[in-house]
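Let's take a walk through this one together, strand by strand and then on to the helices and the metal. Have the viewer open and follow along.

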Amino acid sequence: MASTLIKNIKLLAGVRDDNFLLKGKQMAKLSTIDDAFLILQDESIAAYGRMYDFVYRNSDFSRQVDAKGQIVLPTWCDSHTHLVFPGSRETEFIDKIKGASYAEIAAKGGGILNSAKKLNEISEYELFHLACDRLDEISKLGTGAVEIKSGYGLSVEGELKMLRVIKKLKEKSHVSIKATFLGAHAYPLEYKDNHQGYIDLIIEQMLPVIAHEKLADYIDVFCENGFFSPEETETICKAGIRYGLKPKIHANQLSLSGGVQLGVKLGAVSVDHLETMNEETINMLADSDTIGTLLPTAAFFLRMPFQPARKLIDAGCAVALASDYNPGSSPSGNMNLVIAMSCIQMKMSPEEAINAATINGAYAMGVEREVGSITVGKKANLIFTKPIPSLAYLPYAFGSNLVDKVMIQGSFI
Ligand code: NIG
Ligand code: FE
């Protein structure tokens, strides 16, 4: 068996002997070891400690990596993306610069429907290769686990095409991937005045095939004015639950949509976005086991108010951070930028942001037993930074790429 010694690590961050979802104040503590070593057995973490306590012989290892001056931390767990999409939408970006809002673009048949039109025209092969390139890009930026949603098909064939692409990505990539069925992302034009007809299509035609082919782990609905009402969201989520899918909900992006209350009621894994929150929804979330997943680059890109991270954490919520990588509201899957924005604009501490983007992100997509921390037995999915003075330098120097190397399952990519 191959064993690897990583020695002279300036700072090993995200070390945990235990494994639990961090809520409220717990998020502020990120365990670190100065001047550390890390031992890998094949693709997994086998041991770690201080160089001072290093008792092994160099000949015990088949590979050695000198991480002098570098900070090593677990790779990012990006628990909310739409990275399978057919093409960019910078024409709408220009429209937004000229004053159109996200909701106005959507109401005119742009936005999600624009992507859906293109998706139904492109081949599964082409779609797969576009997604592969994006996955490759984000893994080089430090993402080692990612959740990917469907939701640009909005037809039986289109949704299945997307989910089959995600399944193929799972098979091909060493990055941990979870799939979410988001057939309820928008009403297709032909169902604009026949909501029940599209809901029936989701429940009777899409879900049975998805369950049979094991194409999804989660079910998601865009619960928002002009998209899916809380009642419609509940019907669709409950159908997904009957097929073994756990709910995650797009909630409170543009308004107090009722999505948070519903997510808590259904025991959703996470409610995501949360640009628009009030005291009631914050407290309700804090009293639940549902994770609040914040997507600051989406708020930034749409010029929306940033998510009230401070209020959420201070109230005791479990917060995760994700990129929302998609062509309409966050054409970036760069988790380093997400972390920087969370610190700069949402006043999260660097420790809180890193926890939210690693261990809590792992919980938000059910991969907490394999990734999200430096823990014996977990996968050796590691970020090696360039030489930097401290952990806080990561969000501070927000415009620089400070990721030197990324290791996924024990191999540098
Ligand atoms: O999470 N808000 C809904 N869905 C995506 C955006 C999708 C799109 O505009 O293509 C989001 O922001
Ligand atoms: Fe999203």
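Predicted model: local features only at pLDDT ≥ 70, side-chain atom pairs only at ≥ 80, totals over all residues.

Start with strands S8 and S9: S8 covers residues 176-184, S9 covers residues 218-223, and the two run parallel, joined by three bridges.

S8 and S9 sit in an open sheet of eight strands with parallel pairing, and the order reads S6-S7-S8-S9-S10-S11-S12-S13. At the edges you'll find S6 and S13 (319-321), each of which pairs on one side only. Go from strand to neighbouring strand in this sheet and the turn is 25° on average, with direction ignored. While you're looking at strands, here's a handy bit of background: in a regular strand, side chains alternate between the two faces of the sheet.

Next up is the metal. Which residues coordinate the iron ion (ligand 2)? The donors are His80, His82 and His250, each through NE2, plus Asp324 through OD, at 2.1 to 2.3 Å. Along the chain these donors follow the spacing H-x1-H-x167-H-x73-D. That pattern brings distant parts of the chain together: His82 is in the loop between strand S6 (76-81) and helix H1 (90-97), while His250 belongs to strand S10 (residues 246-251), 168 residues apart.

For a contrasting bit of strand pairing, jump back to S2 (residues 32-41) and S3 (residues 44-50). These run antiparallel and are joined by six bridges. One pairing to pick out is Ala36 with its bridge partner Arg50 in S3. The two strands form a hairpin with two residues between them, and Asp42 in the turn has a positive phi of about 50°.

Finally, a helix pair. Two packed helices are described by the angle between their axes and the distance between the axes. For H8 (residues 259-266) and H9 (residues 279-286), the axes come within 10 Å and cross at roughly 20°. Angles under 35 degrees count as roughly parallel, so H8 and H9 are roughly parallel to each other. Their crossing is left-handed. What meets what here? From H8 come Val260, Gln261 and Val264, and from H9 come Glu280, Thr281, Met284 and Leu285. Sorted by type, the residues of this contact between H8 and H9 are four nonpolar, two polar and one charged.

How values were computed:
Residues numbered from 1 in each chain as written. Chains lettered and ligands numbered in written order. Heavy atoms only, no water. Pairing = 2+ DSSP bridges. Helix = DSSP H or I, 4+ residues; strand = E, 2+ residues; numbered from the N terminus. Axes fitted to C-alpha atoms, helices over the stretch in contact; angles between N-to-C directions. Parallel < 35°, antiparallel > 145°, perpendicular 65-115°, else oblique. Left-handed = near helix turned anticlockwise from the far one by under 90°. Contact = heavy atoms within 4.5 Å. Nonpolar A, V, L, I, M, F, W, Y, C, P; charged D, E, K, R; others polar. Donors = N, O, S within 2.8 Å, 3.2 Å for Na, K, Ca; no water.
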